[in-house]
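Please consider the structure shown here. The paragraphs that follow lead from single residues to the chain as a whole.

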Amino acid sequence: MMTSVDTELMRVLGDPLRLRIVTLLARETLCTTHLVEETGAKQTNLSNHLRVLREAGVVETEPCGRFTYYKLRPDVIAALAGQFTDLAESARTAAENKRACP
């Protein structure tokens with residue numbers, strides 16, 4: 001069984017601030033103001049990271065008056081976790097598959 005991990009999603013989540021945002025959104029739905037307070041990032045920088053997460057399908061938005069709330073899409077995170085689970089299972093059986101040297 002050959003398994004691969006979604007490299008684009010890994011690139012998106014590989015940024016420390018984006019990973020922090022995802023971690024915060026795993027706990028609750030937050031607006032940009034909350035995320036600025038929690039991360040200490042500048043609003044423009046945070047908005048750029050949220051755009052990347054939104055375009056990657058990791059978060060979705062919910063307008064609420066003049067604020068935009070962000071929530072995590074758990075199905076996307078679960079799919080990535082499933083890819084890692086498959087990769088770990090493949091690694092467990094790989095010890096039995098040893099390629100002979102020429």
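Arg73 counts as partly exposed because its relative accessibility is 26%; here buried means under 20% relative accessible area, exposed over 50%, and partly exposed in between, with a 1.4 Å probe and protein chains only. The side chain of Arg73 meets that of Asp75 in a salt bridge, at 2.9 Å from N to O. A salt bridge is defined as a side-chain nitrogen of Lys or Arg within 4 Å of a carboxyl oxygen of Asp or Glu. Asp75 is likewise partly exposed, at 46% relative accessibility.

This is a predicted model, in which local features need pLDDT of at least 70 and side-chain atom pairs count only at pLDDT 80 or more, while totals for chains, interfaces and linings use all residues. Residues are numbered from 1 along each chain as its sequence is written, and side-chain values use heavy atoms, with hydrogens and water left out.

The structure holds 7 salt bridges. One of them joins the side chains of Lys71 and Glu62, at 3.7 Å from N to O. Lys71 is partly exposed, with a relative accessible area of 29%, and Glu62 is partly exposed as well, with 38%. Another salt bridge links the side chains of Glu89 and Arg92, at 3.2 Å from N to O. Both of these residues lie in helix 5 (residues 74–94), 3 residues apart, which is about one turn of the helix. Helices (H or I, at least four residues) and strands (E, at least two) are DSSP runs, numbered from the N terminus. Glu89 is partly exposed, with a relative accessible area of 36%, whereas Arg92 counts as exposed at 56% relative accessibility.

Arg18 lies in helix 2 (residues 16–27). Leaving aside neighbours within four places in sequence, Arg18 is in contact (heavy atoms within 4.5 Å) with Arg11, Val12, His49, Val52 and Leu53.

Val22 also has its place in helix 2. Val22 counts as buried because its relative accessibility is 8%. Not counting residues up to four places away in sequence, Val22 touches Leu13, Leu53, Val58, Leu72 and Ile77. Between the C-alpha atoms of Val22 and Gln43, which are 21 residues apart along the chain, the separation is 16 Å.

The view now widens to the whole chain. There are 5 helices and 3 strands, and from the N terminus on the elements run α-α-β-α-α-β-β-α. The radius of gyration is 18 Å, well over the 13 Å that the globule rule gives for 102 residues, so the chain is more spread out than a compact globule. This radius is taken over C-alpha atoms, and the globule rule is 2.2 Å times the number of residues to the power 0.38. Along its principal axes, the C-alpha trace spans about 65 × 25 × 20 Å. Of the 102 residues, 28% count as buried. Among contacts between residues at least 6 apart in sequence, 54% join residues at least 24 apart.
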